[in-house]
Amino acid sequence: MGLKILHISKYYYPFSGGTEQIARDAVVSLKDIPGCEQLVFAFDHGTPKESRDSRDVVDGVDVIRCRCFAKVSSQSLSASYGRRLKEALDEFKPDVVILHYPNPFGTHFLLKLLKKRPEIKLVTYWHLDIVKQKFLKLFFNGQNRRLIRRSSKIVATSPNYVEGSEYLSSVPDKCVVVPNCINENRLVIDDEVTKRAEELREEHKGKTVCLAVGRHVEYKGFKHLIEASKYLDDSFVIGITGKGPLTDDLKSRASGDNKVNFLGLVSDVDLRAWLMTCDVFCFPSITKNEAFGLALAEGMYFGHPAVTFTIEGSGVNYVNLDGVTGIECPNGDSRAFAEALKKLSDDEELRARLGEAARKRVIDNFTYATFKKNIQALVTGL
């Protein structure tokens with residue numbers, strides 16, 4: 001008799017998000033276990049007006065989606081969630097439930113339903129602590145403690161997060177580290193990418209090209225990168241991809257600084273070309289909301305040293321090792337960030353050595369093959 005696994009994610013593909021991509025990677029990885037059956041349970045990611053209850057298939061696996069009627073503090077609310085989750089547990093009869101957290105609304109119903117199903121093993125995939133919403137953090141403290149007690153295993157994306165989380169650090173024996181993985185297929189270099197990279201190199205010839213990738217929100221720390229640019233001379237070029245609620249503010253901060261280029265939402269071809277072209281990958285995130293840093297790992301995969309801030313309890317400083325794969329600066333210290341960029345620009349041998357180690361670290365630790373091996377070992381070892 002095969003293993004039956006129910007995955008509970010906030011949203012699921014085609015919704016694009018870090019947690020959702022990891023949930024999908026886990027589902028696809030576990031498909032290769034002989035006799036394994038899987039079911040995914042999630043909120044519908046449409047707007048409350050468009051949202052509906054539905055069932056579809058992704059990667060050959062059934063996905064149940066629950067209509068969302070509202071969102072409060074990034075948490076979806078659904079009137080059908082509890083009933084449909086009960087039906088899924090009754091009909092599918094999973095041996096294992098993998099819950100992707102944070103998802104307080106879903107966790108409420110799951111813990112309630114699992115009380116009468118002690119035979120089901122619960123794996124909690126702890127993506128991050130609730131940090132920003134202080135009230136929610138306090139409100140769900142009891143729920144988090146109950147979740148930890150009920151969990152057979154808790155997945156963290158880095159040992160740093162286990163040590164830095166008040167919840168995970170209380171149960172280290174239950175914690176298993178499964179680092180996130182980059183999508184290597186998305187990073188393939190073809191003739192079109194190579195040609196575009198050659199154009200970018202010619203455009204910025206003689207410059208030290210620095211690249212930062214991410215959504216323009218507070219915890220990404222782009223304001224510190226813009227401030228760091230003010231300490232640099234015109235031999236530097238800084239490219240910042242993406243957009244977000246802080247885009248206009250960031251552009252205002254960079255006004256008059258021609259070194260800073262806002263690239264917007266770039267195509268996959270342009271992203272890969274910039275990743276090929278840059279000399280240093282900048283990752284100025286400043287809080288534990290940045291639990292790991294997949295964009296950081298992607299930049300390092302291209303053989304570039306990284307410059308990051310020290311974030312206590314975050315996996316960022318597990319991905320980028322100070323003095324080994326890049327340079328780590330005191331958190332929020334824009335001048336120190338600029339000095340790190342100068343150091344890497346001035347020392348070609350150092351830049352090459354750290355860049356080579358950066359690529360090796362990603363290949364050895366953060367590829368899909370390694371992730372697949374880790375997640376399969378976790379589930380089959382329960």
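How many helices and strands are there in the protein chain? This predicted model has 15 helices and 16 strands.

**Overall build**

- The protein chain has 382 residues and a radius of gyration of 22 Å, which agrees with the value near 21 Å that a compact globule would have.
- Along its principal axes, the C-alpha trace spans about 65 × 40 × 40 Å.
- Of the 382 residues, 53% are buried.

- Go to Tyr13 and Pro14 to find a cis peptide bond, with omega near 20 degrees.
- Pro14 sits in a loop that runs between strand 1 (4-8) and helix 1 (18-30).
- Tyr101 and Pro102 are also joined by a cis peptide bond, and here omega is about 15 degrees.
- For Pro102, the setting is the loop between strand 7 (96-101) and helix 3 (104-114).

- Asp59 is not a glycine, yet its phi is positive, at about 55 degrees.
- You will find Asp59 in the loop that links strand 3 (54-58) with strand 4 (61-66).
- Buried or exposed, or something in between: what is Asp59? Asp59 counts as partly exposed because its relative accessible area of 28% falls between the cut-offs of 20% for buried and 50% for exposed.
- Lys93 is another residue other than glycine with a positive phi, in this case near 50 degrees.
- The loop between helix 2 (81-92) and strand 7 is where Lys93 is placed.
- Lys93 has a relative accessible area of 56%, so it is exposed by the rule of over 50%.

**A negative patch on the surface**

- Which residues gather in a patch of negative charge on the surface? They are Asp233, Asp234, Asp346, Asp347 and Glu348.
- Glu348, one of the residues in this patch, lies in helix 14, which covers residues 348-365.
- Glu348 has a relative accessibility of 60% and therefore counts as exposed.

Conventions:
Residues numbered from 1 in each chain as written. Predicted model: local features only at pLDDT ≥ 70, side-chain atom pairs only at ≥ 80, totals over all residues. Heavy atoms only, no water. Helix = DSSP H or I, 4+ residues; strand = E, 2+ residues; numbered from the N terminus. Buried < 20%, exposed > 50% of the residue type's maximum accessible area, 1.4 Å probe, protein only. Patch = residues over 30% accessible without salt bridge, like charges linked within 9 Å, V, L, I, M, F, W, Y side chains within 5 Å. Areas by Shrake-Rupley, 256 points an atom, 1.4 Å probe, with all protein chains shown as cover. Salt bridge = Lys/Arg side-chain N within 4 Å of Asp/Glu carboxyl O. Lys, Arg positive; Asp, Glu negative; His and termini not counted. Charge placed at Lys NZ, Arg CZ, Asp CG, Glu CD. Rg over C-alpha atoms; globule rule 2.2 N^0.38 Å.
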